[in-house]
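Biologist: I should like to go through this protein with you. Could you bring up the sequence and the structure?

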Amino acid sequence: MTLSAAIADLGPILGALSGPAEVTAELRDLDEVPRVNAQITAARGITARLEGQPSGSGAALQLTADLRNFGVFVPQLPGPAQIQATLLEPNSAQKFMAAFAGPGLSANAKGAFAEGGDQVTLTARLSSLNR
């Protein structure tokens, strides 16, 4: 199944991101294993991709986002940025890893949380801030 949606202007919802946005998602069932592949394009040069297996044994989702100008969010840090994140669900304990690389800085985060639990463990490291 393929789904598509578009909005003419994100401004009323996300202020700084005024302009059009579009999402296309493909949902498939391969040998009873669900798969998702979605692509998002938005104003100001933002693109993102989400893909993977959202549930079941071996569930994992990967997100990659590219921002042409991170200064849209933090005016003091103009320039391109990339975010990569993975969510894994081995043995009912969900784990995540994320990395950010942008103008003058980079950061990594990882953590885990158990199903039904109310606690999240997060480890983050800021690699550099050169401004």
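Biologist: What is the mean pLDDT of the protein?
Modeller: This is a predicted model, and its mean pLDDT is 83, with 83% of the residues at 70 or more.

Biologist: Where is confidence lowest, and where is it highest?
Modeller: The lowest mean, 59, falls in strand β9, residues 121–129, whereas β1 has the highest, at 93. Where pLDDT is low, the predicted coordinates should not be read in detail.

Biologist: Turning to layout, how many helices and strands are there?
Modeller: The protein has one helix and nine strands. Along the sequence they follow the order β-α-β-β-β-β-β-β-β-β.

Biologist: Back to β1, then. Which strand does β1 pair with?
Modeller: β1 pairs with strand β2, residues 21–30, in the antiparallel sense, over six bridges. Within that pairing, Leu-3 stands opposite Ala-25 of β2.

Biologist: Why does β1 lie largely in the open?
Modeller: Strand β1 spans residues 2–7, and of these six residues zero are buried, so the strand lies largely in the open. Buried here means under 20% relative accessible area.

Biologist: And for the whole protein, what share counts as buried?
Modeller: Of its 131 residues, 24% count as buried. The accessible surface is about 8500 Å², and carbon and sulfur atoms account for 57% of that area.

Biologist: One last topic: what share of contacts joins residues at least 24 apart?
Modeller: That share is 19%, taken among contacts between residues at least 6 apart in sequence.

Terms used
Residues are numbered from 1 along each chain as its sequence is written. This is a predicted model: local features need pLDDT of at least 70, side-chain atom pairs count only at pLDDT 80 or more; totals for chains, interfaces and linings use all residues. Side-chain values use heavy atoms; hydrogens and water are left out. Buried means under 20% relative accessible area, exposed over 50%, partly exposed in between (1.4 Å probe, protein chains only). Helices (H or I, at least four residues) and strands (E, at least two) are DSSP runs, numbered from the N terminus. Two strands pair if DSSP finds at least two bridges between them. pLDDT is the predictor's confidence in each residue, from 0 to 100. Contact means heavy atoms within 4.5 Å. Accessible areas come from the Shrake-Rupley method with a 1.4 Å probe; for residues, only the protein chains shown count as cover.
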